[in-house]
Amino acid sequence: MLARNLKSTLVAVGLVLGAPAFSETLAVDGQVAVKPSGVETPARGSTMSAVEAKFGAPANKSSPVGKPPITKWFYPNFVVVFENDKVLHAVVVGG
């Protein structure tokens with residue numbers, strides 16, 4: 001359980017540290033938000049088959065790692081992170 005929490009924390013920190021490089025951060029009335037990139041990405045919870053049906057085959061796929069298996073699909077403008085066959089996150093990449 002501790003290893004899973006640590007892994008989740010490291011993934012979250014990585015995403016947070018990467019966000020300012022690829023998006024604009026806004027602060028309004030003390031609330032911080034990330035400006036939408038305008039790039040359409042898969043919704044959280046979507047299945048692998050639904051993502052492939054909507055966005056096509058990815059340019060590259062990572063091998064599953066860990067338990068539960070975490071897989072990444074790489075598209076030209078974004079990366080999709082799956083747990084088992086469900087979308088956890090979709091991250092827009094800079095160009």
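Visitor: Why does T71 count as buried?

Guide: A residue is called buried when its relative accessible area is under 20%. T71 has a relative accessible area of 6%, and therefore T71 is buried.

Visitor: Which residues is T71 in contact with, leaving aside its neighbours within four places in sequence?

Guide: With those neighbours set aside, T71 is in contact with M48, S62, P64, V80, V81 and F82. F82 is also the bridge partner of T71 in β5.

Visitor: What is the order of the strands in the open sheet?

Guide: The open sheet has four strands in the order β3-β4-β5-β6, with antiparallel pairing. Its edge strands are β3 and β6, the latter spanning 86–92, and each of them pairs on one side only.

Visitor: How many bridges pair β5 with β6, and what is the phi of N84 in their hairpin?

Guide: Six bridges pair β5 with β6 in the antiparallel sense. One of the bridge pairs consists of E83 and its partner in β6, K86. The hairpin of β5 and β6 has two residues between the strands, and N84 there takes a positive phi near 55 degrees.

Visitor: Which residues make up the largest nonpolar core?

Guide: The general idea comes first. In soluble globular proteins, nonpolar side chains tend to be buried together. Here the largest nonpolar core has seven residues: V51, W73, Y75, F78, V80, F82 and V87. The largest share of this core comes from β5, which supplies three residues.

Visitor: What does F82 touch, not counting residues up to four places away in sequence?

Guide: On that count, F82 touches S46, T47, M48, V51, P69, I70, T71, W73, V87 and L88. Among these, V51, W73 and V87 belong to the core, as does F82.

Visitor: Where does S46 lie, and what separates its C-alpha atom from that of V87?

Guide: S46 lies in the loop between β2 (31–34) and α2 (48–55). S46 and V87 are 41 residues apart along the chain, and their C-alpha atoms are separated by 5.3 Å. Leaving aside neighbours within four places in sequence, S46 is in contact with V51, F82, D85, K86 and V87.

Visitor: How many aromatic pairs does a search of the whole structure find?

Guide: The search finds four aromatic pairs. Y75 and F78 form a stacked pair, with 4.8 Å centre to centre and 20 degrees between the planes. Y75 and F78 are both buried. Ring pairs also link F55, Y75 and F78 into a cluster.

Visitor: What pattern does the chain follow when it is read along the sequence?

Guide: The chain contains two helices and six strands. Read along the sequence, these follow the pattern α-β-β-α-β-β-β-β. Of the 95 residues, 14% count as buried. The chain exposes about 6700 Å², and carbon and sulfur atoms supply 61% of that area.

Visitor: What is the mean pLDDT of the chain, and where is the pLDDT below 50?

Guide: The mean pLDDT of the chain is 80, and 67% of its residues reach 70 or more. Over residues 16–22 the pLDDT is below 50, and this stretch has three contacts in the model beyond near neighbours in sequence. Where pLDDT is low, the predicted coordinates should not be read in detail.

Definitions and conventions. Residues are numbered from 1 along each chain as its sequence is written. Side-chain values use heavy atoms; hydrogens and water are left out. Rings of Phe, Tyr and Trp (its six-membered ring) pair if their centres lie within 6.5 Å; planes under 30 degrees apart count as stacked, over 60 as edge-to-face and the rest as tilted. Buried means under 20% relative accessible area, exposed over 50%, partly exposed in between (1.4 Å probe, protein chains only). pLDDT is the predictor's confidence in each residue, from 0 to 100. Contact means heavy atoms within 4.5 Å. A nonpolar core is a set of buried Ala, Val, Leu, Ile, Met, Phe, Trp, Tyr and Cys residues joined through side-chain atoms within 4.5 Å. Accessible areas come from the Shrake-Rupley method with a 1.4 Å probe; for residues, only the protein chains shown count as cover. Two strands pair if DSSP finds at least two bridges between them.
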